[in-house]
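Dear colleague,

Please find below the structure that I am handing over to you. I would be grateful if you could look through it before reading the notes that come after it.

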Amino acid sequence: MLDIRPTGAALGAEICSIDLSTEIDEATLRAVEKALHEHEVIYFRDQRISPEQHVAFSARFGALEKHLRVDCCKPGFPEIFVVSNVIENGKPIGTQDAGLFWHSDLAYMSVPSRGSLFYAHEVPHDADGRPQGDTMFASTTAAWQALPDDIKRIVAGRRAVTSYAKGYYRDRKSGTRPPLTETQKARTPDVEHPIMRTHPYNGKPCLFVNEGYTASIAGLAADESERMLKLLFEHVSRPEFIYRHQWRAGDFLIWDNCATQHRAVFDYALPQRRRMERTTLTGTAPF
Ligand code: OGA
Ligand code: MN
């Protein structure tokens with residue numbers, strides 16, 4: 001029914017001939033959701049939608065998050081998180097440096113996000129007209145599957161500790177971020193998640209530790225935990241598990257925050273503008 005074209009990488013597919021500015025019927029929506037669970041990252045090109053339509057389409061998959069970083073949300077749209085290097089009236093319009101390290105969204109919460117819906121408004125280009133500011137996606141299902149058995153045995157059944165502050169203070173490129181407020185800190189205590197997480201919709205095992213926010217493995221000595229995490233971070237970002245998305249303005253891309261991790265490529269600078277907007281689906285507690 002849908003025209004789905006897999007990228008040929010370990011994950012990712014383009015869905016053609018859907019216009020998100022029109023009414024999407026329930027059967028089509030369910031087919032899109034099925035494609036997301038199968039391909040882990042899906043995208044629609046050449047879209048033209050308003051912020052209201054972005055929010056409304058996202059909300060058909062379930063409840064939406066309002067990001068902790070209120071300073072980065074679109075004015076009037078608390079569900080829209082702005083990712084941009086644009087400065088207006090001396091103030092950044094969004095977060096300038098999201099995704100410097102591999103991560104999945106809200107992995108640091110006790111209930112991480114199910115998925116994110118990312119709309120490219122403005123995409124930077126180099127002097128030859130080639131797009132910049134790609135995003136890389138890694139399949140955590142493919143990564144788990146390819147782990148050597150002895151490593152699987154060590155980490156399956158174990159939990160890892162995530163720390164928002166770890167990612168927050170490290171994940172920056174453009175000067176400093178404002179220090180975390182007491183409210184932000186109170187909302188982000190360190191939490192533990194299973195290292196092998198079961199995908200809540202298709203039951204596949206996913207490798208659920210990430211370089212951005214995972215601080216340690218519970219129950220292991222510090223040096224052993226560090227060694228194992230280093231190995232797992234290197235493993236999940238191996239080229240064979242990656243799809244690298246080259247953005248075009250008008251791309252609307254959905255990623256699964258359990259089956260994938262992502263990282264931004266920072267190879268652009270002003271006056272080349274990058275302006276993206278994200279909605280974030282509420283998820284379920286990992287198991
Ligand atoms: C995000 C993120 C990466 C990018 O918005 O969650 O990590 O390429 N973005 O902008
Ligand atoms: Mn992210």
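Predicted model: local features only at pLDDT ≥ 70, side-chain atom pairs only at ≥ 80, totals over all residues.

Aromatic rings

A pair of aromatic rings is described by the distance of the centres and the angle of the planes. The structure holds 14 such aromatic pairs. One of them joins F44 and F252: the ring centres are 6.4 Å apart and the planes stand at 50 degrees, so this pair counts as tilted. Because F44 belongs to strand β3 (residues 41-44) and F252 to strand β16 (residues 252-256), the pair ties together parts that are 208 residues apart in sequence. F44 has a relative accessibility of 0% and therefore counts as buried. F252, with a relative accessible area of 0%, is buried as well.

Another tilted pair is formed by F118 and W247, with 5.3 Å from centre to centre and 55 degrees between the planes. This pair, too, links distant parts of the chain: F118 lies in strand β8 (residues 115-122), while W247 lies in the loop between β15 (242-245) and β16, and 129 residues separate them. Both F118 and W247 are buried.

Ring pairs also build a cluster, whose members are F44, F57, F61, Y119 and F252.

A charge over a ring

The ring of F208 has the charged end of R197 sitting over it, at 4.7 Å from the ring centre.

Cavities

Rolling a probe the size of a water molecule over the atoms shows where empty space is left. Searching the whole structure gives five cavities of 30 Å³ or more. The volume of the largest cavity is about 280 Å³. This largest cavity is lined by 23 residues, of which A98, G99, H103, D105 and R278 are the closest to its centre. At least two residues of the lining come from each of β5 (77-84), α5 (164-170) and β17 (260-264).

A histidine in a loop

H67 is located in the loop between α2 (51-59) and β4 (73-74). Is H67 buried or exposed? Its relative accessibility is 13%, and because buried means under 20%, H67 counts as buried. The side chain of H67 reaches the backbone nitrogen of R69 at a distance of 2.9 Å.

With kind regards

Definitions and conventions. Residues numbered from 1 in each chain as written. Chains lettered and ligands numbered in written order. Heavy atoms only, no water. Phe/Tyr/Trp six-rings, centres within 6.5 Å; stacked < 30°, edge-to-face > 60°. Helix = DSSP H or I, 4+ residues; strand = E, 2+ residues; numbered from the N terminus. Buried < 20%, exposed > 50% of the residue type's maximum accessible area, 1.4 Å probe, protein only. Lys NZ or Arg CZ within 6 Å of the ring centre and 35° of its normal. 1 Å grid on protein atoms, 1.4 Å probe; cavity = no way out; pocket = protein on both sides within 12 Å on 5 of 7 lines; lining within 4 Å. Points joined across faces, edges and corners; volume = space filled by probe spheres on them. Polar contact = N/O pair within 3.5 Å; in protein donor to acceptor, adjacent residues only side chain to side chain.
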